[in-house]
Amino acid sequence: MNGIRIKGMGMCVPSHIVTNDDLAQIVDTNDEWITTRTGIKTRHHIGADETLHDITVKAAKDALKNSGVTADQIGACIVATMTPDTIMPSAACRLQEELGLPNDIPCFDLSAACTGFLFALHTMECLLNASPRKYGLVIGAEHLSRVTNWSDRSTCILFGDGAAGAVVECREGWRSICADLGCYGDNQVLKLPGIGMKEAGQISMDGQQVFKFAVQVVPHCIDQVLSRTGYTVDEIDFFVFHQANARIIDLAAKKYNIPPEKCCKNIAEYGNTSAASIPLVLAQLYEEGKLKSKCRALLVGFGGGLTWGGALVEFV
Ligand code: ACO
């Protein structure tokens with residue numbers, strides 16, 4: 001299979017910022033607890049005058065502009081999200097209309113919680129191998145503040161909103177992203193009930209169980225991706241882990257001796273934005289001019305499902 005590489009990144013976060021002190025006004029918590037247990041200081045929330053669609057469009061337009069690819073060159077569009085404004089039409093179909101993407105391409109949403117961007121990259125690689133067009137749009141976007149239980153202090157402090165994504169290119173002879181993806185179906189530890197359920201609309205989580213799951217699965221994904229690509233830790237330019245908890249990221253960095261400048265974190269500012277979290281880190285690195293041509297980033301996502309995924313992305 002021919003591989004994909006990232007040609008350009010884009011992002012958009014809502015302007016409304018919620019601090020730990022703000023949350024201490026609504027639940028029994030404090031800045032010290034949240035900072036030491038999670039690494040989060042602020043998160044951005046979509047306000048009453050904005051929708052997920054608005055920020056998704058801005059992120060997608062940014063990615064297209066930065067990549068120099070035009071809408072008519074796009075061969076598929078995937079939005080990884082579990083919080084679309086409307087189930088139907090999908091967030092991706094609304095992007096197709098707004099951006100003027102071709103009519104004869106697949107545009108759809110993908111639901112894999114915090115692993116969504118990894119599942120979407122792998123799916124895009126498969127789709128572009130079968131498409132006459134060689135560019136794809138992959139966005140991760142979430143409106144988690146809409147599905148947060150504001151009386152549960154163990155989860156409401158974690159989540160933020162945002163959108164970010166990549167224009168990817170597929171070429172003959174390029175190495176695959178070597179995605180390692182998996183699921184372990186579990187309907188208890190991490191849930192967001194849908195419209196068919198009485199308790200629809202709010203996330204619940206057994207934090208300790210998810211933490212244990214995460215510290216097992218992150219090394220598994222790193223090992224799998226290194227073994228599939230043949231790269232060593234030293235040959236990777238950036239490690240981008242799902243931003244769920246700074247302690248999970250720090251444990252992985254310590255285990256693999258990853259220096260701080262290669263282990264990227266933006267959780268302090270954005271919190272856990274689920275499917276948007278990994279592309280938000282990549283887009284920030286891109287904006288800072290750090291993602292040079294041939295640069296390699298090892299990505300690891302994990303979360304609801306339970307799902308996990310790792311992949312190695314390179315930059316055009
Ligand atoms: N402020 C103050 N105290 C709190 C808060 C809070 N916001 N939340 C919980 N506590 C209390 C608890 O009540 C408990 O008190 P007790 O000992 O008197 O019972 C104490 O702090 C310890 O609670 P724990 O749940 O053990 O805290 P922990 O250190 O495990 O941190 C956390 C909780 C941050 C949720 C952590 O478990 C975690 O990060 N888990 C992983 C989350 C994750 O990776 N999610 C990814 C997927 S998310 C997705 O897919 C959408």
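**Entry 1. Terms and source**

I take a residue as buried when its relative accessible area is under 20%, as exposed when the area is over 50%, and as partly exposed in between, with a 1.4 Å probe and protein chains only. With this rule I looked up alanine 113, which is buried because its relative accessible area is 9%. I note that the model is predicted, that local features need pLDDT of at least 70, that side-chain atom pairs count only at pLDDT 80 or more, and that totals for chains, interfaces and linings use all residues. Residues are numbered from 1 along each chain as its sequence is written, and side-chain values use heavy atoms, with hydrogens and water left out.

**Entry 2. Backbone angles**

I recorded that most residues other than glycine have a negative phi, and that most peptide bonds are trans. I then looked up exceptions.

Alanine 113 has a positive phi of about 50° although it is not a glycine. I found alanine 113 in the loop between β5 (107–110) and α5. Helices (H or I, at least four residues) and strands (E, at least two) are DSSP runs, numbered from the N terminus.

Asparagine 257 is not a glycine either, and its phi is positive, about 55°. I located asparagine 257 in the loop between α8 (246–255) and β12 (263–264). Is asparagine 257 buried or exposed? It counts as exposed, because its relative accessibility is 68%.

I also looked up cis peptide bonds. One joins methionine 88 and proline 89, with omega about 0°. Proline 89 belongs to the loop between β4 (74–80) and α4 (91–99). Another cis peptide bond joins glycine 305 and leucine 306, with omega about -5°. I found leucine 306 in the loop between β13 (296–303) and β14 (307–314).

**Entry 3. Two helices**

I checked helix lengths against the expected span, which is 1.5 Å times one less than the number of residues.

Helix α5 covers residues 116–129. Its 14 residues should span 20 Å, and I find agreement because its end C-alpha atoms are 20 Å apart. The buried residues of α5 include Phe117, Leu118, Phe119, Met124 and Leu128.

Helix α7 covers residues 207–229 and has 23 residues. From its first C-alpha to its last, α7 reaches 32 Å, close to the 33 Å expected. Among the buried residues of α7 I listed Val210, Phe213, Ala214, Val217, Cys221 and Leu226. Glycine 230 follows α7, and its phi is positive, near 80°.

**Entry 4. Salt bridges**

I used this rule: a salt bridge is a side-chain nitrogen of Lys or Arg within 4 Å of a carboxyl oxygen of Asp or Glu. How many salt bridges does the rule give? The count comes to nine.

Lysine 41 forms a salt bridge with aspartate 31, and the closest N and O atoms are 3.1 Å apart. This pair links distant parts of the chain, 10 residues apart: lysine 41 is in the loop between α2 (31–38) and β3 (42–45), whereas aspartate 31 is in helix α2. Lysine 41 is partly exposed, at a relative accessible area of 35%. Aspartate 31 is partly exposed as well, at 27%.

Lysine 65 and aspartate 62 meet in a salt bridge through their side chains, at 4.0 Å from N to O. Both are in helix α3 (residues 52–67); because they are three residues apart, about one helical turn separates them. I noted the general rule that an α-helix has 3.6 residues a turn, so residues three or four places apart point the same way. Lysine 65 is exposed, with a relative accessible area of 61%, whereas aspartate 62 is buried, at 16%.

Aspartate 85 forms a salt bridge with arginine 94, with 3.8 Å between the closest N and O atoms. Aspartate 85 is partly exposed at 31%, and arginine 94 is partly exposed at 28%.

**Entry 5. The ligand**

The ligand is surrounded by 25 residues, and the closest are Thr29, Arg37, Cys114, Gln208 and Asn245.

A side-chain N or O atom of arginine 37 is 2.6 Å from an oxygen atom of the ligand. A polar backbone atom of glycine 207 is 3.0 Å from a nitrogen atom of the ligand. Arginine 247 places a polar side-chain atom 3.1 Å from an oxygen atom of the ligand. Taken alone, the ligand exposes 1,000 Å², of which the protein buries 76%. I note that accessible areas come from the Shrake-Rupley method with a 1.4 Å probe.

Note on methods. Near = heavy atom within 4 Å. Polar contact = N/O pair within 3.5 Å; in protein donor to acceptor, adjacent residues only side chain to side chain.
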